[in-house]
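Here are my notes for you, one point at a time. Keep the model open while you read, and look up each residue as it comes along.

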Amino acid sequence: MKFKKTKEEFKINNTLKGAIWMCISALGMALMGATVKFIGSDISTFEKLFFRNLIGVFLLLYSIRGKNINIWGSSPHSRLFMVYRCIAGLTGAVLYFYCINKLYLADSSLLNKLSPFFVTIFATIFLKEKLEKHQIPVLIVVLFGALLVIKPKFSFEMLPALAGFMSAVFAGGAYTLVRYLRTMEEPTTLVLWFSAFSTIGMIPPMLIKGFVVPNSTQLLYLVLTGIFATIGQIALAYAYKYALASQVSIYQYLSIIFSAIIGFIFWKEIPDLLSLIGGCIILGAAFFNYKVSKKI
């Protein structure tokens, strides 16, 4: 009986750890979005992605100096699935940025934020994770809250909308693969592979689009973009290491709240009433999901 209690406490602690890491990831990604906005439109999306991941590679290599971490992968099997994760993640990023360039930002953000739904679906189908009864209505409530915050204007053509939808599918697949690899590879290894793969993958389109030498201010923001993105990716990997994907993926929606706060601080963007209501719904649903998960 005593062992059972200890096991339950361990499960709750891991769920809480996963939730905290996911919140850190959401904050890192929100800060990354802010630095990208500071850079401006003079530098192409491909160049921004290139610098984002290049900085990440250097930071990760520096952080693991002297540590016994196998950056080459533990087995051919895990290396194969890390390649799958890299392909899915980079494809999702490219599709997402294409969607941003073609649609309203609110519309593209909404479509990309469907990724947690696909994480839950993929984790249930491929990882055999149990889908709790309360999680379906919670996800629906969160989507409703996101709609209030984003207030999308559905006035787009089929192709860009399909690209945004598929970016969420690929992102959900990438996050699910991170969850699958959690016991095979260190989170740092997973992020390093993705950063290196994305850096190399962005070189051809960046050169085709035209490389722009950044000025000192832009270079500073490019470096900060890489730092915040790396923090977000590492925190994401740790979140899926400690908790089920279906339990913590919902916390990604906190990036909307963090972005609203950052927007107010730097650009005096004041959320309207619907945004405030939506934010409260998202936070309430996330808290409810955690409280219910503790009792399972």
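1. Let's start with Thr189, which is located in helix 8. Helices here are DSSP runs of H or I with at least four residues, strands are runs of E with at least two, and both are numbered from the N terminus. At 1% relative accessibility, Thr189 counts as buried (buried is under 20% relative accessible area, exposed is over 50%, partly exposed is in between, with a 1.4 Å probe and protein chains only). Leu61 is 128 residues away from Thr189 along the chain, but their C-alpha atoms are separated by 9.7 Å.

2. A word on what you're looking at. This is a predicted model, in which local features need pLDDT of at least 70 and side-chain atom pairs count only at pLDDT 80 or more, while totals for chains, interfaces and linings use all residues. Residues are numbered from 1 along each chain as its sequence is written, and side-chain values use heavy atoms, with hydrogens and water left out.

3. Now the whole protein. How many helices and strands are there? The protein has 12 helices and zero strands. Of its 296 residues, 49% count as buried.

4. Back to helix 8 (residues 187–209), together with helix 9 (residues 216–242): their axes come within 9 Å and cross at roughly 135°. Axes are lines fitted to C-alpha atoms, for helices over the stretch in contact, and the angles run from 0 to 180 degrees between N-to-C directions. The two helices are therefore oblique to each other (under 35 degrees is roughly parallel, over 145 roughly antiparallel, 65 to 115 roughly perpendicular, and the rest oblique).

5. Next, helix 3. Val83 sits in helix 3 and is partly exposed at 30% relative accessibility. Val83 and Trp193 are 110 residues apart in sequence, yet 8.0 Å apart in space, C-alpha to C-alpha.

6. On to the rings. Rings of Phe, Tyr and Trp (its six-membered ring) pair if their centres lie within 6.5 Å; planes under 30 degrees apart are stacked, over 60 edge-to-face, and the rest tilted. By this rule the count is nine aromatic pairs. One of them is Phe81 with Tyr84, an edge-to-face pair at 5.4 Å centre to centre with 80° between the planes. Both residues lie in helix 3 (residues 76–102), three residues apart, about one turn of the helix. Tyr84 is partly exposed, at 40% relative accessibility.

7. Which kind of pair do Phe122 and Phe126 make? Their ring centres are 6.1 Å apart and their planes are at 50°, so the pair is tilted. They sit four residues apart in helix 5 (residues 115–126), about one turn of the helix.

8. Just after helix 5, Lys128 takes a positive phi of about 60°.

9. Two last things to find. Ring pairs link Trp21, Tyr238 and Tyr242 into a cluster. The charged end of Arg85 sits over the ring of Phe194, 4.5 Å from its centre (NZ of Lys or CZ of Arg must be within 6 Å of the ring centre and within 35 degrees of the ring normal).
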